[in-house]
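The report that follows looks at a few local features of one protein model. Please view the sequence and the structure first, and then read on.

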Amino acid sequence: MEYNKNIIRTSRQLKFGENLRKSISLILQTHVFHDPILDDVTIIVTEVRVSPDLSNASVYILALGENRNNSDIIDCINLRFRKLVGPLTRELKLRRAPKFNFIYDDSYERQAYIDNLIAKAKRK
């Protein structure tokens with residue numbers, strides 16, 4: 001579930017999202033998935049958006065590496081991350097972990113595309 005980008009998030013949501021981002025990043029760096037799709041890919045967590053009731057979290061990731069298929073990576077990490085929810089919950093001392101949904105963050109690619117369009121328009 002992706003959340004509306006125009007909704008103003010509370011400081012509680014922002015703080016919780018940032019804590020989740022740091023912890024998820026650390027877990028993804030240290031965990032070995034033993035999956036050919038994720039073995040040679042570096043995953044960067046760019047943002048975590050949390051629902052107002054803190055029960056759902058959209059985790060925006062960027063995958064770096066050779067021969068990457070973003071949809072396969074997203075499907076695989078959504079499946080494989082389930083077993084890491086327990087350690088994440090204990091690390092953050094949460095009673096209940098939010099439901100995580102990993103989403104590919106294409107904002108950098110969109111920004112590069114827009115920059116190229118602007119550069120082309122300036123040249124003409």
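## The surroundings of T89

Once its neighbours within four places in sequence are left aside, T89 is in contact with L94 and A97. T89 itself is found in helix 4, and, because its relative accessibility of 13% lies under the 20% cut-off, T89 counts as buried. These values, like those below, come from a predicted model.

## Helix 1 and helix 4

Helix 4, which spans residues 85–92, has an axis that comes within 11 Å of the axis of helix 1, residues 11–30, and the two axes cross at roughly 130°. Because of that angle, helix 1 is oblique to helix 4, and the crossing of helix 1 and helix 4 is right-handed.

On the side of helix 1, the residues that take part are N19, L20, S23, I24, L26 and I27, and they meet L88, E91 and L92 in helix 4. Sorted by class, this contact of helix 1 with helix 4 has six nonpolar residues, two polar residues and one charged residue.

Three strands, in the order 1-2-3, form an open sheet in which the pairing is mixed. Strand 1 (42–50) and strand 3 (99–104) are the edge strands, each of them pairing on one side only. If direction is ignored, neighbouring strands of this sheet are turned by 30° against each other on average.

Between strand 2, residues 56–64, and strand 3, the pairing runs in the parallel sense over six bridges.

Technical notes:
Residues numbered from 1 in each chain as written. Predicted model: local features only at pLDDT ≥ 70, side-chain atom pairs only at ≥ 80, totals over all residues. Heavy atoms only, no water. Axes fitted to C-alpha atoms, helices over the stretch in contact; angles between N-to-C directions. Helix = DSSP H or I, 4+ residues; strand = E, 2+ residues; numbered from the N terminus. Parallel < 35°, antiparallel > 145°, perpendicular 65-115°, else oblique. Left-handed = near helix turned anticlockwise from the far one by under 90°. Contact = heavy atoms within 4.5 Å. Nonpolar A, V, L, I, M, F, W, Y, C, P; charged D, E, K, R; others polar. Buried < 20%, exposed > 50% of the residue type's maximum accessible area, 1.4 Å probe, protein only. Pairing = 2+ DSSP bridges.
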